[in-house]
Amino acid sequence: MPSPRRRRRALPLSAAALLVPLATACSSSDGSGSSADGQRLRVVMAFPPAQAMSPYGDDAVTLSRLAVIEGLTTLDKNGDAAPALATSWKRDNDRTWSFTLRDAVFQDGRKLESPAVARSLRAAEEASPRPRVLSDTRLTVTTPDARTVRISTRTPDPLLPQRLANPSLTILSEGAYEGGKVNPAGHATGPFTLTEVNGAVSATLQRNDSYWGARAKAPGVDVKFVADGTARANALRTEAVDVAEYVPISQASLLGDGLVHEFPSARTNGLSLNTHHGVFADPAMRAAAREAIDSKALVKAVYEGRADTAKGLLGPGVPWAAADRTAPTNRAKAADKAEVAKTKQIVLATYTNRPELPEVATVVQQQLTARGFTVKQVVRDYAQLEADALAGKYDAFIQARNTLLDTADPVSYLASDFTCDGSFNISQLCDERVDAAVDKAAGLAGTDARHRAEMNAEAGILGTDALVPLLHERFVQGYDDSRVHGVSLDPMERTLITADTRVG
């Protein structure tokens with residue numbers, strides 16, 4: 001990691017104005033910031049709740065990163081399934097698995113038993129929209145006895161144990177489903193209990209003293225949601241917070257190695273092009289957009305070298321991908337500059353929650369303009385953009401996508417983002433060849449064979465130019481390693497605060 005640069009940037013007024021409420025909101029409930037048995041953690045997160053902490057969208061990841069929720073399984077460092085609320089499992093036949101539950105209680109005191117597991121998984125199945133992790137499968141759940149859950153899938157699913165580790169498949173008590181909405185507050189099983197959510201501003205967590213595992217070392221967590229990355233970095237610099245999620249690249253060198261921790265990720269930043277209507281419904285125009293993009297310039301200009309140039313859908317955070325990669329197939333010939341210049345204005349959207357993305361959008365706009373496109377930018381908070389992006393209301397959309405987030409295997413990402421029935425298909429792609437390639441990969445039990453099939457699917461998707469890879473991110477999390485310990489640096493983004501995270 002480069003050493004800190006000797007330069008200073010003026011603090012923008014908006015960022016400075018956030019520091020005072022940030023310090024206030026991230027103090028403990030008694031104002032002391034500590035308790036008799038440890039100091040409360042003060043954490044600033046980049047993404048405010050977008051679905052009122054529903055587990056069926058991206059808020060589930062926030063709940064997982066704050067150690068509030070758990071599923072039947074979790075993932076180890078290699079992405080393999082490990083015990084969580086299930087202590088063991090076995091495959092009964094090609095479509096059915098049995099899971100044995102551990103002895104645990106929910107945060108509201110109810111006992112963990114098989115009916116609660118079945119209720120949670122059925123609720124996820126019936127959610128609208130369905131969680132991305134279920135975009136390529138259907139679950140049928142039965143309860144042979146109080147300690148056993150039997151789960152069947154529509155088609156053989158060798159990744160079911162990994163799939164069940166997804167935060168959207170969290171297990172909640174009966175109380176979470178009362179009142180017509182799913183409310184995880186006080187009804188999960190994790191080491192911290194969500195006790196209060198103040199809209200998109202803040203949240204409060206208390207230690208769950210009935211947790212089945214190791215007791216959390218911090219008595220609680222005070223969370224502030226701040227989309228402004230400079231404000232998050234300055235809160236860390238001034239010790240207004242203990243942990244700052246996603247430190248902006250522009251601030252990383254200023255903070256120095258003791259406060260920033262960079263590590264590889266499975267996240268690819270891509271330019272999704274609307275294949276259903278508008279300018280990019282024409283494959284030749286999508287090909288022209290692809291040819292306009294200069295990944296090396298983006299890495300140098302925006303990320304100060306703290307990213308990797310685009311190799312495909314799967315980058316260095318998926319280490320096996322490079323060996324199995326094949327060339328894109330069936331690509332259209334790109335329209336020339338004169339043809340591009342005849343098209344109508346395109347709308348390019350991205351979000352502010354990751355501070356590099358608006359800068360990426362500006363560079364991409366310049367590159368597309370040089371190719372002949374007329375480009376209008378729309379830049380807002382992610383919560384204000386997601387519904388329109390999924391509905392195909394933008395011509396182009398820049399997003400940072402974790403390719404292993406759903407099952408620790410990219411097949412679910414490929415299915416949710418690029419198949420006809422995919423629940424996160426921002427490019428609106430519907431291609432029979434792509435669907436067939438993804439289905440083939442999903443049905444393979446052997447790891448090596450599945451990986452080869454996934455790379456064949458990648459080649460088919462890249463051939464459509466539905467998504468133009470821009471670069472592969474590295475993560476930068478912020479905390480003072482001389483006083484804050486136990487922060488999880490997770491390439492798959494499932495964890496951040498854990499039972500072991502503490503100050504001192």
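Helix 3, residues 114–126, has 13 residues and reaches 18 Å from its first C-alpha to its last, close to the 18 Å expected at 1.5 Å a residue. The model described here is a predicted one.

**Helix 3 and its sheet**

- The buried residues of helix 3 are Ser114, Ala116, Val117, Ala118, Ser120, Leu121, Ala123, Ala124 and Glu125, and what covers them includes strand 7 (96–101), strand 8 (139–145) and strand 9 (148–153).
- Four strands make up an open sheet in the order 6-7-9-8, with antiparallel pairing. Strand 6 (86–93) and strand 8 stand at the edges, and because each has a single partner strand, one side of each is left without a neighbour in the sheet. From one strand to the next, the twist averages 25°.
- Strand 8 and strand 9 run antiparallel and are joined by five bridges; the bridge partner of Thr142 in strand 9 is Arg150.

**Strand 12, an enclosed strand**

- Strand 12 (residues 220–225) has six of its six residues buried, so it is largely enclosed by the rest of the structure.
- In a regular strand, side chains alternate between the two faces of the sheet. In strand 12, Gly220, Asp222 and Lys224 point one way while Val221, Val223 and Phe225 point the other way, and all are buried.
- Strand 3 (residues 41–45) runs parallel to strand 12 and is joined to it by five bridges, with Lys224 of strand 12 as the bridge partner of Val44.
- Strand 11 (residues 202–207) is also joined to strand 12 by five bridges, but these two strands run antiparallel; here the bridge partner of Thr204 is Asp222 in strand 12.

**Strand 19 and its partners**

- Strand 19 (residues 467–479) is mostly covered, with twelve of its 13 residues buried.
- Strand 14 (residues 260–273) runs antiparallel to strand 19, and ten bridges join the two; Gly270 stands opposite Pro469 of strand 19.
- Strand 15 (residues 307–309) is joined to strand 19 by three bridges, again in the antiparallel sense, and the bridge partner of Asp308 in strand 19 is His472.
- Strand 13 (residues 243–244) pairs with strand 19 in the antiparallel sense over two bridges, and Ala244 has Gly478 of strand 19 as its bridge partner.

**The surroundings of Ser168**

- Ser168 lies in the loop between helix 4 (160–163) and strand 10 (192–198).
- The side chain of Ser168 reaches the backbone oxygen of Pro55 at 2.9 Å.
- When residues up to four places away in sequence are not counted, Ser168 touches Pro55, Tyr56, Gly57, Ala60, Ala124 and Pro131. One of these, Ala124, is also among the buried residues of helix 3.

**Aromatic pairs**

- The model holds eleven aromatic pairs. In one of them, the rings of Phe280 and Phe373 have their centres 5.5 Å apart and their planes at 50°, so this pair is tilted.
- Phe280 lies in the loop between strand 14 and helix 7 (283–292), and Phe373 lies in the loop between helix 11 (356–371) and strand 17 (375–380), so the pair ties together parts that are 93 residues apart in sequence. Both Phe280 and Phe373 are buried.
- Tyr351 and Tyr382 form an edge-to-face pair, with 4.9 Å from centre to centre and 80° between the planes. Tyr351 lies in strand 16 (residues 346–351) and Tyr382 in helix 12 (residues 382–390), so this pair ties together parts that are 31 residues apart in sequence. Tyr351 and Tyr382 are both buried.
- Ring pairs also link Tyr351 and Tyr382 into a cluster with Phe47, Tyr246, Phe263, Tyr394, Phe397 and Phe475.

Technical notes
Residues are numbered from 1 along each chain as its sequence is written. This is a predicted model: local features need pLDDT of at least 70, side-chain atom pairs count only at pLDDT 80 or more; totals for chains, interfaces and linings use all residues. Side-chain values use heavy atoms; hydrogens and water are left out. A polar contact is a pair of N or O atoms within 3.5 Å; within protein, one must be able to donate a hydrogen and the other to accept it, and residues adjacent in sequence count only if both atoms are side-chain atoms. Contact means heavy atoms within 4.5 Å. Buried means under 20% relative accessible area, exposed over 50%, partly exposed in between (1.4 Å probe, protein chains only). Two strands pair if DSSP finds at least two bridges between them. The expected span of a helix is 1.5 Å times one less than its number of residues. Axes are lines fitted to C-alpha atoms, for helices over the stretch in contact, and angles run from 0 to 180 degrees between N-to-C directions. Rings of Phe, Tyr and Trp (its six-membered ring) pair if their centres lie within 6.5 Å; planes under 30 degrees apart count as stacked, over 60 as edge-to-face and the rest as tilted.
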